[in-house]
Structures are given as structure tokens and as C-alpha cells.
Amino acid sequence: YLELPAFYQAKRDRFGELLADTRFALPSVQGAYFQLADYSAISDMDDLSFCRWLTIEKRVAAIPLSPFYEIPPAGQRLIRFCFAKSDATQLAAAERLRGV
């Protein structure tokens with residue numbers, strides 16, 4: 001268990017590197033299994049619609065943030081990707097996300 005922080009940090013860093021050449025902006029995160037992603041350069045859809053579109057059209061699941069708010073911030077374009085995945089899954093997702 002003492003090695004888990006470094007293990008997940010490496011997964012987070014690798015996922016960030018894989019998405020570096022996409023239009024997603026990736027704010028820094030620590031202590032989580034999720035990478036926030038700002039998609040405002042990609043779409044004006046709300047996060048629920050964008051996550052649904054991403055899942056159906058690109059076959060990559062993302063988690064909207066709006067359900068975590070009583071009143072979501074107006075115009076927020078943030079979603080979450082879980083990076084606690086195998087290297088192969090991360091690579092496949094990144095390849096699909098490069099086309100977004």
C-alpha cells in the first residue's frame with residue numbers, strides 16, 4: 001500500500017502525456033483517480049450532453065461534474081476521466097480522444 005501513491009501518480013502522468021496533443025486542457029490534480037479535462041475548446045455542450053456524446057460517438061466514458069453541484073457553475077465545461085486503467089486502455093482512449 002505504501003507504493004500506491006507513486007503507482008497512481010505514474011498513471012496520472014502517463015494519461016496526461018497521452019492527452020497532451022489533444023484540445024482538452026488538463027488542470028493539475030492530486031490525490032485522486034480522476035483527471036479533470038476542460039473541453040471548452042471543443043464544444044459548447046453542457047457536461048451531461050458532452051459525456052453522453054463522447055461515450056456514444058468516441059466510445060470513451062467520462063464523468064460530468066454538474067451532478068456534484070446543487071447549482072452547477074454557469075458555463076463550466078469540465079469533465080473527469082478515470083486514469084486508474086491499464087496502459088492499453090489509456091492508450092486506446094487517448095487515440096480516440098485525439099480525434100475530438
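**Exercise 1. Describe the setting of Q90: its element, its burial and its contacts.**

*Solution.* Step 1: Q90 belongs to helix α3, residues 87-97; helices are DSSP runs of H or I with at least four residues, strands are runs of E with at least two, and both are numbered from the N terminus. The model is a predicted one, in which local features need pLDDT of at least 70 and side-chain atom pairs count only at pLDDT 80 or more, while totals for chains, interfaces and linings use all residues. Residues are numbered from 1 along each chain as its sequence is written, and side-chain values use heavy atoms, with hydrogens and water left out.

Step 1: Q90 has 2% relative accessibility and therefore counts as buried (buried means under 20% relative accessible area, exposed over 50%, partly exposed in between, with a 1.4 Å probe and protein chains only).

Step 2: Leaving aside residues up to four places away in sequence, Q90 touches K11, R14, F15, L18, F83 and K85 (contact means heavy atoms within 4.5 Å). With K11, a polar atom of the Q90 side chain lies 3.3 Å from the backbone oxygen.

**Exercise 2. Determine the strand order of the sheet and state how its strands pair.**

*Solution.* Step 1: The sheet is open, has three strands in the order β1-β3-β2, and its pairing is antiparallel (two strands pair if DSSP finds at least two bridges between them). At the edges are β1 (34-38) and β2 (63-64), each of which pairs on one side only.

Step 1: β1 and β3 run antiparallel and are joined by five bridges; F34 has C82 as its bridge partner in β3. Between β2 and β3 (residues 78-82) there are two bridges, again in the antiparallel sense, and I63 has R80 as its partner in β3.

Step 2: Of the five residues of β3, four are buried, so this strand is largely enclosed by the rest of the structure.

**Exercise 3. Classify the ring pair of Y39 and F50, and explain what it joins.**

*Solution.* Step 1: The whole structure contains seven aromatic pairs (rings of Phe, Tyr and Trp, the last by its six-membered ring, pair if their centres lie within 6.5 Å; planes under 30 degrees apart count as stacked, over 60 as edge-to-face and the rest as tilted).

Step 1: For Y39 and F50, the ring centres are 4.1 Å apart and the planes are at 0 degrees, so the pair is stacked.

Step 2: Y39 lies in the loop between β1 and α2, and F50 in helix α2, so the pair ties together parts that are 11 residues apart in sequence. Both Y39 and F50 are buried.

Terms used. A polar contact is a pair of N or O atoms within 3.5 Å; within protein, one must be able to donate a hydrogen and the other to accept it, and residues adjacent in sequence count only if both atoms are side-chain atoms.
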